[in-house]
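Welcome! Here is a short briefing to read alongside the sequence and the 3D view.

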Amino acid sequence: MTDMVREYITTVLDKGIRLDGRKLDEFRNIEVEYGISAKSAEGSARVKIGRTEVVAGVKLEVGEPYADNPDEGTIVVNAELLPLSSRDFESGPPSIDSIELSRVIDRAIREGKGVNFKKLCIKKEEAMWMVMIDIYSINDDGNLFDAAGLVALAALKDAKFPKLTKDNKVDYGTKTTKNLPLEKLPISITVIKVGNHYLVDPSSEEEKILDARLTIGVLEDGTPCSMQKGGDNPLSLDEIDNMVELAVKKSKELRKVLK
Amino acid sequence: MAIEKRTDGRKFDQLREMEAKVGVVPRADGSAMFKIGKTIAVAAVYGPRELYPSAFQNPERGVLRCNYNMMAFSGSGNRVRPGPSRRSKEISLVTEKALLPVLDLSNYAGSVVDVFVELIQTDAGTRCAGITAASMALADAGIPMKDLVSSVAAGIVHGNVVLDLTKEEEDMEATDIATSFATRLGKITHLQMDGEASAKDLRNALELAKKGCEEIKKLQVKALKEKYEGGKND
């Protein structure tokens, strides 16, 4: 079955179009909605890319700083591929795909210095803010990587610190007007390679037949800040150049939807 | 000590504001969203599909399998740890029991109908909102049904019998009665009570819940019609 799908998709790609009529470097329509769980979460958002939909929420907890970074807070990213969102996802402990997704999103935000960890320190060696980012798939129609990256940033943007009591306990009932120290927006862009073609924003059919996948975190000035290769086939240096170039170009478009 | 008004200004027999939508997860076989007050539930149905391991199969009819989950950020206060808890497992079970009496799974021997319920935001009444959403999702999936199931909590707050409790009211040492009705059949398919109630109060609370469910049912039917009569059909 996959072979037939693959043959059909590549035949059409050779003509420069995709099954759904998009150009190879064209995203589906993107929608961002903020505050979808405003009563419960400190920050929340929904992102739709075509029919793919993800939601994310930010909860803030107070923890003890790690010994190796006593004056820093931290982020924890958790992504769940809900069985609600696709017949391919199963209940049970986190699958390897959801772990990879969590870690790729974490890496882009962490390595791109999206959140200033120093500003999450409450008191050196004693108390820090832990920014818990939980991402859930609602409908998987391909490209959960970029949707998850975008929704994590949107939820961070939406978040306000809750009030802190004198003994450093969180008063969840009282939100302040203070935003999180979100200083940069590292945008995740996934480029896939099918045959000799490079595609952005893969559909679920295209994901099933890809040769290689590269997810790249890109900063505002176009500098890549994180990368993760996936797929079963290798890439040459030139191919990686092409994919990075395409990702940097597309990141400008995605950045605009968060403005 | 009777109170005159409820914390959010509602009448004793008044539901919170509701919203229902069918087909919110296009890739599922059936799906629905139900919002009541600030509680938001999304449900999706997959199946009937083959059930593995095969030891769980029933050779006479299909099996219904429900899974209830609160998103980690959906609670007021601390983050909810992801993964099943004793509470979520029990709610998954009562969701199954609430829905099963209206389903005809006799043609689906060896198969399973999976129902997934996710809570995006919570403010009391989450299991009821989940059951209401799941019932619409099952209808959307085309599973043969004798009736829809509608669900709401009634309760006793400071001596008053009230409909559709908020979190604030639940926390006031209230009696909380979560119940589900198949209103056309006139039957209760789910009943849980936390707290004390006299026989008379219980009867009154259930009558009130029944009225509430009839109102919810109207909205469920409207939401289903909106999808299928509106001509938009995935």
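Of the 259 residues in chain A, 44% count as buried; a residue is buried if 20 or more other C-beta atoms, placed from the backbone, lie within 10 Å of its own, exposed if 12 or fewer, and partly exposed in between. Please keep in mind that this is a predicted model, in which local features need pLDDT of at least 70, side-chain atom pairs count only at pLDDT 80 or more, and totals for chains, interfaces and linings use all residues. Residues are numbered from 1 along each chain as its sequence is written, while chains are lettered from A and ligands numbered from 1 in the order in which they are written.

**Confidence**

- The predictor gives the complex an ipTM of 0.86 and a pTM of 0.91.
- For chain B the mean pLDDT (the predictor's confidence in each residue, from 0 to 100) is 94, and 97% of the residues of chain B reach 70 or more.

**Chain A as a whole**

- Chain A has five helices and twelve strands; helices (H or I, at least four residues) and strands (E, at least two) are DSSP runs, numbered from the N terminus.
- The radius of gyration of chain A, taken over C-alpha atoms, is 19 Å, close to the 18 Å that the globule rule (2.2 Å times the number of residues to the power 0.38) gives for 259 residues, so chain A is as compact as a globular protein of that length.
- The C-alpha trace of chain A spans about 65 × 35 × 35 Å along its principal axes.
- Among contacts in chain A with a separation of 6 or more, 68% are between residues 24 or more positions apart; two residues are in contact if their C-beta atoms, placed from the backbone, lie within 7 Å.

**Strand β3 of chain A and its partners**

- Strand β3 (residues 52-63) of chain A is mostly covered, with nine of its twelve residues buried.
- Strand β2 (residues 43-49) of chain A pairs with β3(A) in the antiparallel sense over seven bridges; two strands pair if DSSP finds at least two bridges between them.
- A:K48 stands opposite A:E53 in β3(A).
- The hairpin of β2(A) and β3(A) has two residues between the strands, and A:G50 takes a positive phi near 60 degrees there.
- β3(A) also pairs with strand β6 (residues 127-139) of chain A, in the antiparallel sense over eleven bridges; A:I133 in β6(A) is the bridge partner of A:V58.

**A closer look at A:D14**

- A:D14 belongs to helix α1 (residues 2-14) of chain A and counts as exposed, because it has 11 C-beta neighbours inside 10 Å.
- A:D14 and A:H197 are 183 residues apart along the chain, and their C-alpha atoms are separated by 8.1 Å.

**The sheet of chain B**

- Five strands of chain B form an open sheet in the order β1-β2-β3-β5-β4, with mixed pairing.
- β1 (18-22) and β4 (63-70) of chain B stand at the edges with a single partner strand each, so one side of each is left without a neighbour in the sheet.
- β4(B) and β5(B) run parallel and are joined by eight bridges, and B:L64 stands opposite B:V113 in β5(B).

**Where the chains meet**

- The contact takes 29 residues from chain A and 23 residues from chain B.
- On the side of chain B that touches chain A, β3 (39-50) and β5 (111-121) of chain B each supply at least two residues, and β5(B) gives the largest share, four residues.
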